[in-house]
Amino acid sequence: MLWIILAGGVAALLARFFSPEPEPIFGKYRQPGRWFWLKYIAMRLLLWIRNKMQKHINVDVDGQAVHPLVHKERMQTLGEHPLAFDAIFFMACSMDGTSLIVGSERRHHNVINSPIYVLIPGLGLLKHKKLPDTCLFGATNDAYGAEGIRIQPIEPLKTWKVEFDGFMNLKEDPSREFRVKLRCVYTGQWPAFNYDTDLHPHSMAKIIAAESWSRDYFKRLQSAHQSHYEQMGHINGTVQVDDNTYSLNLMSIRDHSTGPVRDMDLLYRYAFYMMFLEDGTMASVIVVNQPCSVSMMESGYVCLPGGAVHNMEWCDFQLYQHGEDGEPPTDHAFSFKAGGTIYRVKVKGEEVAFHFVGWQWEAKIIEMFSTFEINGVKGRGLSEFHYHNSSGRPSNVAATDPEWFADVVKKTYSTPSPYSLRDATKRPYYAK
């Protein structure tokens with residue numbers, strides 16, 4: 001009997017090793033191949049070695065310990081590449097549905113990509129008057145934002161000032177315009193989650209092991225790297241809409257990304273869930289597909305009311321099964337594991353809006369204000385879906401741009417990446 005079992009095992013291994021590599025689903029989503037487990041073990045070993053080598057403490061000139069992200073908690077110097085970036089993002093909500101989305105992605109020439117939404121129960125969803133376009137001009141060197149948006153760090157990893165002063169339109173009736181004044185302070189209440197150091201080793205090894213390895217692949221992976229971290233906390237303040245003032249006491253997530261280049265034409269899709277529960281638990285889960293570097297990146301974490309932060313080990317959400325046609329589902333579910341607990345998540349979308357990011361609208365972002373139920377505990381938050389977009393930025397939208405911007409766009413996009421997802425017939429991306 002034993003030899004039969006051994007023979008069967010050997011046959012199964014041989015069949016595995018000599019089987020052809022599976023084709024990527026829909027040409028984008030690579031699946032584990034015959035060498036997956038060998039590559040997985042190699043990655044786990046490399047990650048273990050890296051973790052051992054990185055265990056050192058940063059200190060200041062007086063020898064005091066300094067958090068390794070403190071130097072990131074300010075406006076970063078943009079690199080030489082025309083697509084260099086420095087981006088921050090805030091999302092916040094309360095259990096009654098009051099919600100805030102605001103962000104600022106700094107680029108060269110004092111241009112930013114920046115959305116802002118304010119959802120007030122009984123009034124509706126307010127959005128910046130330029131949306132769905134997010135190209136804003138006239139940024140300064142003392143704050144993130146432009147054209148009414150102003151975001152400033154106050155104390156590293158603790159407090160940020162978030163402000164807006166300008167006009168917003170009601171999504172349901174864009175003819176209704178409101179003067180809006182937002183005055184808020186974000187306070188971080190959990191440790192920051194650093195994607196460079198805090199991802200679960202199983203999740204990280206699985207991501208890389210599923211790819212087809214080559215020298216060129218690892219060069220692409222390295223060039224695609226961006227610094228990214230997130231932090232959970234609260235936003236408190238007020239928002240004045242015409243003559244009415246509303247107090248804000250919101251559970252919140254913020255993130256900060258920066259790097260030498262962010263080419264939105266390489267990113268195909270992502271689904272990003274920001275979840276805040278009635279018991280004080282907060283969670284973040286994101287699944288990303290960027291075909292040139294990672295076919296299925298899964299990452300996330302849970303922040304518990306007692307202060308603990310647990311990174312996500314696995315997630316069963318399959319991106320290609322949810323909204324591949326460009327319309328994300330409003331009613332769906334998934335599971336993930338973090339800190340030894342399996343979390344079962346129910347998602348129900350309510351209010352939905354969208355905007356475009358990039359000087360040529362390379363990305364379409366769908367913001368779905370959602371209710372959640374996780375292991376029986378109810379909550380609220382945001383389900384954000386990214387889709388690559390090739391339509392280009394319309395000429396009527398670009399008509400109000402500064403005269404010099406068309407030449408900047410032409411130079412910036414004149415040499416697209418060979419891994420661009422845009423149809424080659426639509427290059428070289430010149431503004432119309």
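Phenylalanine 193 has glutamate 230 in S11 as its bridge partner. The model is predicted: local features need pLDDT of at least 70, side-chain atom pairs count only at pLDDT 80 or more, and totals for chains, interfaces and linings use all residues. Residues are numbered from 1 along each chain as its sequence is written, and side-chain values use heavy atoms, with hydrogens and water left out.

Strands here are DSSP runs (E, at least two residues), numbered from the N terminus. Two of them pair if DSSP finds at least two bridges between them.

| Partner of S11 | Bridges |
|---|---|
| S9 (residues 173–188) | nine bridges |
| S10 (residues 193–194) | two bridges |
| S12 (residues 244–259) | 15 bridges |

Valine 185 is bridged to asparagine 236 in S11. Isoleucine 235 stands opposite leucine 250 in S12. S11 and S12 form a hairpin, with two residues between them. Aspartate 242, in the turn, has a positive phi of about 55°.

Next, the barrel. Eight strands close it in the order S13-S14-S15-S16-S17-S18-S19-S20, with antiparallel pairing. From one strand to the next, the twist averages 30° (axes are lines fitted to C-alpha atoms, for helices over the stretch in contact; angles run from 0 to 180 degrees between N-to-C directions). Strand S17 (residues 331–338) joins strand S18 (residues 341–357) through eight bridges. There, alanine 333 stands opposite lysine 346 in S18.

Conventions. Helix = DSSP H or I, 4+ residues; strand = E, 2+ residues; numbered from the N terminus.
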